[in-house]
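Take each task first, then read the worked solution.

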Amino acid sequence: MQELSQQISRIQQKMQDLWLYAQKLAKENQQLKQELHEANTAKMKLTQKIEQLEQSKAALQIGVDTWNDTDKKELATKVNSYLKEIEHWLAVLKSA
């Protein structure tokens, strides 16, 4: 009878261990879901920023042919700056 009692105690202990492990996994899962949500939100914001920069670039390029050389050089500088920023955000998105 004592052996049966010991087996029941071991089973209860193992069940308690499993329950604690399941609680730990549930907590970790919740944290990972939160991190994923935050990463997706950040990715969405970065994607919107990239789209805005691309629209700015397109708008600036529309009238380039009618500008004088000084304006064209200034535009080229701005476009290069935008392109660098787009490349930066694309790298950030790829790492997310």
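Before starting, note that a residue counts as buried when its relative accessible area is under 20%. Also keep in mind that this is a predicted model.

**Exercise 1.** Work out what share of the residues of the chain count as buried.

*Solution.* Start with the chain, which has 96 residues. Apply the cut-off of under 20% relative accessible area. The share that counts as buried is 8%.

**Exercise 2.** Compare the radius of gyration of the chain with that of a compact globule of 96 residues.

*Solution.* Begin with the globule, which would have a value near 12 Å. The chain itself has 29 Å. Next, look at the C-alpha trace along its principal axes: the spans are about 100 × 15 × 10 Å. Finally, list the elements: there are 2 helices and 0 strands.

**Exercise 3.** Find the residues of the largest nonpolar core and the elements that give two or more residues to this core.

*Solution.* The core has 5 residues: Leu46, Ile50, Leu53, Ile86 and Leu93. Helix H1 (2–62) and helix H2 (69–95) are the elements that each give two or more. H1 gives the most, with 3 residues. To zoom in on Leu93, set aside its neighbours within four places in sequence; Leu93 is then in contact with Lys43, Leu46, Thr47 and Ile50.

**Exercise 4.** Count the charged side chains and state how far apart the centres of the two sets lie.

*Solution.* Count 14 positive and 13 negative side chains. The centres of these sets lie 5 Å apart.

Methods
Residues numbered from 1 in each chain as written. Predicted model: local features only at pLDDT ≥ 70, side-chain atom pairs only at ≥ 80, totals over all residues. Heavy atoms only, no water. Helix = DSSP H or I, 4+ residues; strand = E, 2+ residues; numbered from the N terminus. Rg over C-alpha atoms; globule rule 2.2 N^0.38 Å. Buried < 20%, exposed > 50% of the residue type's maximum accessible area, 1.4 Å probe, protein only. Lys, Arg positive; Asp, Glu negative; His and termini not counted. Charge placed at Lys NZ, Arg CZ, Asp CG, Glu CD. Core = buried A, V, L, I, M, F, W, Y, C linked by side-chain atoms within 4.5 Å. Contact = heavy atoms within 4.5 Å.
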